[in-house]
Amino acid sequence: MGMMIAVVAALAGPAEAIEICSGGNRAARGVTCLVDADTGWERGVKWRLLDIDAPEISRPECRQEIEIGNEATRRLQRLMADGYRIADSGGKDRTSDRRALVRVILPDGRDAGQILIEEGLAQPWPNKGNRWCGR
């Protein structure tokens, strides 16, 4: 069964950023949060952005990767703060987590992952090497 398409309405007044994930039992707790700039949770369902690769912040290979990874994650938070919807592709990634492969669609119809690529904060997937660490 695919992930439901979730719509988060923009709030009247200051926008609120999606939290950075913390703590365990995220599925059981039904959390919505970001792990990094290409992985998150929506109401307890773990997802991975389709067609992009963002720098790692949990296990970076170099200092520059974590710096750009943190910047990319903050940028995705800002993009999602004014509302978004999760568009499930119906696919799953090949990791042991079997994350739902999704797109984050912003209220203006833009794909948040593509914006990260355009701004140099992510790269297209599949890719080869780690461009943030010069290889």
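Q: Which handedness does the link of Cys 21 and Cys 33 have?
A: In this predicted model, Cys 21 and Cys 33 form a disulfide with sulfur atoms 2.0 Å apart. The angle about the S-S bond is 95°. That makes the link right-handed.

Q: How many residues apart in sequence are the parts that Cys 21 and Cys 33 tie together?
A: Cys 21 sits in the loop between strand S1 (7–8) and helix H1 (26–29). Cys 33 belongs to strand S2 (residues 33–34). The pair therefore ties together parts separated in sequence by 12 residues.

Q: Is Cys 33 buried or exposed?
A: The relative accessibility of Cys 33 is 4%. Buried means under 20%. Cys 33 therefore counts as buried.

Q: Which handedness does the link of Cys 62 and Cys 133 have?
A: Cys 62 and Cys 133 form a disulfide, and their sulfur atoms are 2.0 Å apart. About the S-S bond the angle is -95°. The link is left-handed.

Q: How many residues apart in sequence are the parts tied together by Cys 62 and Cys 133?
A: Cys 62 and Cys 133 form a disulfide. Cys 62 lies in the loop between S5 and H2, and Cys 133 in the segment after strand S8 (123–124), so the bond ties together parts whose separation in sequence is 71 residues.

Q: What is the pairing of the bonded cysteines, numbered in sequence order?
A: The structure holds 2 disulfides. One joins Cys 21 to Cys 33. Another joins Cys 62 to Cys 133. In sequence order, the pairing is 1-2, 3-4.

Q: Why does the salt bridge of Asp 51 with Arg 103 tie together parts of the chain, and how many residues apart in sequence are they?
A: The closest N and O atoms of Asp 51 and Arg 103 are 2.7 Å apart. Asp 51 lies in the loop between strand S4 (45–49) and strand S5 (52–53), while Arg 103 is in strand S7 (residues 100–105), so the parts they tie together have a sequence separation of 52 residues.

Q: Is Arg 103 buried or partly exposed?
A: The salt-bridge partner of Arg 103 is Asp 51. Asp 51 has a relative accessible area of 32% and is partly exposed. Arg 103 has 25% relative accessibility, so it counts as partly exposed.

Q: Are Asp 93 and Arg 99 buried or exposed?
A: The side chains of Asp 93 and Arg 99 meet in a salt bridge, 2.4 Å from N to O. Both residues are buried.

Q: Which residue does Arg 110 meet in a salt bridge?
A: Arg 110 counts as partly exposed, at 41% relative accessibility. Its side chain is 2.7 Å, N to O, from that of its partner. The partner is Asp 108.

Q: Which residue in S7 stands opposite Arg 48?
A: S4 and S7 run parallel and are joined by 3 bridges. Across from Arg 48, the residue in S7 is Leu 101.

Q: Which residue stands opposite Trp 41 in S4?
A: Strand S3 (residues 39–42) pairs with S4 in the antiparallel sense, over 4 bridges. Opposite Trp 41 stands Lys 46.

Q: Which residue in the hairpin of S3 and S4 takes a positive phi?
A: The hairpin has 2 residues between the strands. The positive phi is near 50°. The residue that takes it is Arg 43.

Q: Which element supplies the largest share of the largest nonpolar core?
A: The core has 25 residues, with Trp 47, Leu 76, Met 80, Val 104 and Leu 116 touching the most other members. At least two residues each come from S4, H2, strand S6 (84–92), S7 and helix H3 (112–118). The largest share is 5 residues, from H2.

Q: Is Thr 73 buried or exposed?
A: Thr 73 lies in helix H2 (residues 63–80). Its contacts include Ile 20, Leu 34 and Ile 57. At 2% relative accessibility, Thr 73 is buried.

How values were computed: Residues numbered from 1 in each chain as written. Predicted model: local features only at pLDDT ≥ 70, side-chain atom pairs only at ≥ 80, totals over all residues. Heavy atoms only, no water. Salt bridge = Lys/Arg side-chain N within 4 Å of Asp/Glu carboxyl O. Buried < 20%, exposed > 50% of the residue type's maximum accessible area, 1.4 Å probe, protein only. Contact = heavy atoms within 4.5 Å. Core = buried A, V, L, I, M, F, W, Y, C linked by side-chain atoms within 4.5 Å. Disulfide = S-S within 2.5 Å. Pairing = 2+ DSSP bridges. Lists of a residue's contacts leave out its neighbours within four places in sequence.
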